[in-house]
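User: Hello! I am new to this structure and would like to learn how to read it step by step. Could you guide me?

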Amino acid sequence: MTGSPDEDNWLEPAPAQRPGQITAAAVLLVVSAFIGTTIAVHDPELTQFGYLLLFVTIGAALRIRGGGRTACITASVTAALFFCCLGPHAIRGLSDPGGVYQPEYAVRAIIAIVASGTGVGLLYSPPSRAYVRARRHRTAP
């Protein structure tokens with residue numbers, strides 16, 4: 001027992017502190033989604049799908065900060081979908097600079113892919129996994 005009986009919550013353990021990796025992962029995933037959406041706006045076939053992924057990523061990022069395991073999985077899936085959507089932009093933009101896909105799209109796509117990959121890597125780092133695990137056990141009945 002670390003608290004005094006006069007405190008209201010002296011029997012409850014101290015809540016786990018959110019590691020910086022969780023916040024950095026959420027920020028990187030949202031930034032990569034915004035960058036991916038700026039590319040998708042110029043591709044009529046990807047515009048609606050890009051916006052959908054953006055909103056799902058923002059929702060998952062908000063839930064990630066709370067320690068949600070489902071949100072981590074959702075963010076990982078949206079990052080993989082962004083990779084599948086932005087990969088062709090990066091390849092075509094670098095291989096055919098005068099075509100429809102411009103080199104600046106390729107650079108933005110590469111930045112978005114690296115940011116989302118780093119964000120997913122931070123989500124599954126040991127401090128982040130420990131935080132999510134602690135939050136899951138704390139909320140389990």
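User: Where does UniProt place the feature "transmembrane region"?

Analyst: Let's begin with the record. The unreviewed UniProt entry puts this feature at residues 22-42, 48-64, 71-91 and 106-125. What you see in 3D is a predicted model, so we can compare the record with the predicted coordinates.

User: How much helix and how much strand is there over residues 22-42?

Analyst: For a span like this, look at the secondary structure and at the separation of the two ends. Residues 22-42 are 90% helix and 0% strand, and their end C-alpha atoms are 31 Å apart. Residues 71-91 are 100% helix, again with 0% strand, and the end C-alpha atoms there lie 30 Å apart.

User: And how many helices and strands does the protein chain have?

Analyst: There are 5 helices and 0 strands. Following the sequence, you read the pattern α-α-α-α-α.

User: What pLDDT does the protein chain average?

Analyst: The average is 79, and 81% of the residues score at least 70. Residues 9-14 have a pLDDT below 50, and this stretch has 5 contacts in the model beyond near neighbours in sequence.

User: Which residues make up the largest nonpolar core?

Analyst: A core like this is read as a set of buried nonpolar residues joined through side-chain atoms within 4.5 Å. Here the set has 12 residues, including Ile22, Leu29, Ala60, Ala75, Leu123 and Tyr131. Helices H1 (20-40), H2 (47-65), H3 (69-95) and H5 (126-139) each supply at least two of the core residues. H3 gives the largest share, with 4 residues.

User: Which residues does Ala75 touch?

Analyst: Leaving aside residues up to four places away in sequence, Ala75 touches Leu29, Ala60, Ile64, Val120 and Leu123. There is also a second, separate core of 10 residues, with Leu53, Leu54, Ala109 and Ala112 among them.

User: At what angle do H1 and H3 pack?

Analyst: For a helix pair, check the angle, the distance between axes, the handedness and the residues that meet. H1 and H3 pack at about 35°, and their axes are 11 Å apart. The crossing of H1 past H3 is left-handed. On the H1 side, Leu29, Ala33, Gly36, Thr37 and Ile39 take part, meeting Ala75, Ala79, Phe82, Leu86 and His89 of H3.

User: What share of the contacts comes from residues 24 or more positions apart?

Analyst: Among contacts with a separation of 6 or more in the protein chain, such residues account for 70%. As for burial, 35% of the 141 residues are buried.

Methods
Residues numbered from 1 in each chain as written. Predicted model: local features only at pLDDT ≥ 70, side-chain atom pairs only at ≥ 80, totals over all residues. Heavy atoms only, no water. UniProt positions renumbered as here; feature names shortened; annotations may be inferred. pLDDT = per-residue confidence, 0-100. Contact = heavy atoms within 4.5 Å. Buried < 20%, exposed > 50% of the residue type's maximum accessible area, 1.4 Å probe, protein only. Axes fitted to C-alpha atoms, helices over the stretch in contact; angles between N-to-C directions. Left-handed = near helix turned anticlockwise from the far one by under 90°.
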